[in-house]
Amino acid sequence: MKASARGIDNIFQDSSGNFIIDESKFVSGRGNAGLSGLSSTADGRQLTENYLFERNKDGGALSRTSGLSASQKEEIRNAFDTGKIKTRYTVVKDRHAGAGVTQGLTKHSELGVGGTSQIDGIVIIELPLKN
């Protein structure tokens, strides 16, 4: 499904029918995949359940995502209600620097290991675009 920069960056569906909600960031230099890469918003930090699906306010990032029909958004909300949503944080870097994941992210009360909105996967792509 095509998504947008105003809401959710990317949405994929795996062979088991789970929706993968992906937040993508470009990091130059020697930075790591860290908590600071996920913005804090009025609905909460990116990739948290509150940020993605807040129903008491404006409907969260899903409601702001262009490129999806109303029926596609409803299908994704239903998947959330039935536990068929996975989240992924993708970091693209412009050089190989041996990037890792910071402790601030892995220990975060919502997004970290065992958190209420634990990220299901982190992908780091290091592209040798610069010397």
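Buried means under 20% relative accessible area, exposed over 50% and partly exposed in between, with a 1.4 Å probe and protein chains only. The model is predicted: local features need pLDDT of at least 70, side-chain atom pairs count only at pLDDT 80 or more, and totals for chains, interfaces and linings use all residues. Residues are numbered from 1 along each chain as its sequence is written, and side-chain values use heavy atoms, with hydrogens and water left out.

**Exercise 1.** Find the exposed and the buried residues of helix α3, and state what covers the buried ones.

Solution.
- Helices (H or I, at least four residues) and strands (E, at least two) are DSSP runs, numbered from the N terminus.
- α3 spans residues 70-81, 12 residues in total, and reaches 17 Å from its first C-alpha to its last. That is close to the 16 Å expected at 1.5 Å a residue, where the expected span is 1.5 Å times one less than the number of residues.
- K73, I76, R77 and A79 are the buried residues of α3. They cover an arc of only 155 degrees around the axis, so they lie on the same side of α3; the arc is that of the directions from the helix axis to the C-beta atoms.
- Exposed A70 and S71 are on the face of α3 turned away from its buried side.
- The cover over the buried residues includes β1 (10-13), β2 (19-27), α1 (49-53), α2 (60-64) and β5 (85-93). Contact here means heavy atoms within 4.5 Å.
- After α3 comes G83, with a positive phi near 75 degrees.

**Exercise 2.** Work out how β2 pairs with β1 and with β5.

Solution.
- Two strands pair if DSSP finds at least two bridges between them.
- β1 and β2 are antiparallel, with four bridges. I11 has I21 in β2 as its bridge partner, and N10 stands opposite D22 in β2.
- The two strands form a hairpin with five residues between them, and G17 in the turn has a positive phi of about 90 degrees.
- β2 and β5 are parallel, with nine bridges. D22 has R88 in β5 as its bridge partner.

**Exercise 3.** Locate D43 and name the residue whose side chain joins its own in a polar contact.

Solution.
- D43 sits in the loop between β3 (40-41) and β4 (44-45).
- D43 counts as buried because its relative accessibility is 5%.
- Its side chain makes a polar contact of 3.1 Å with that of R64. A polar contact is a pair of N or O atoms within 3.5 Å; within protein, one must be able to donate a hydrogen and the other to accept it, and residues adjacent in sequence count only if both atoms are side-chain atoms.
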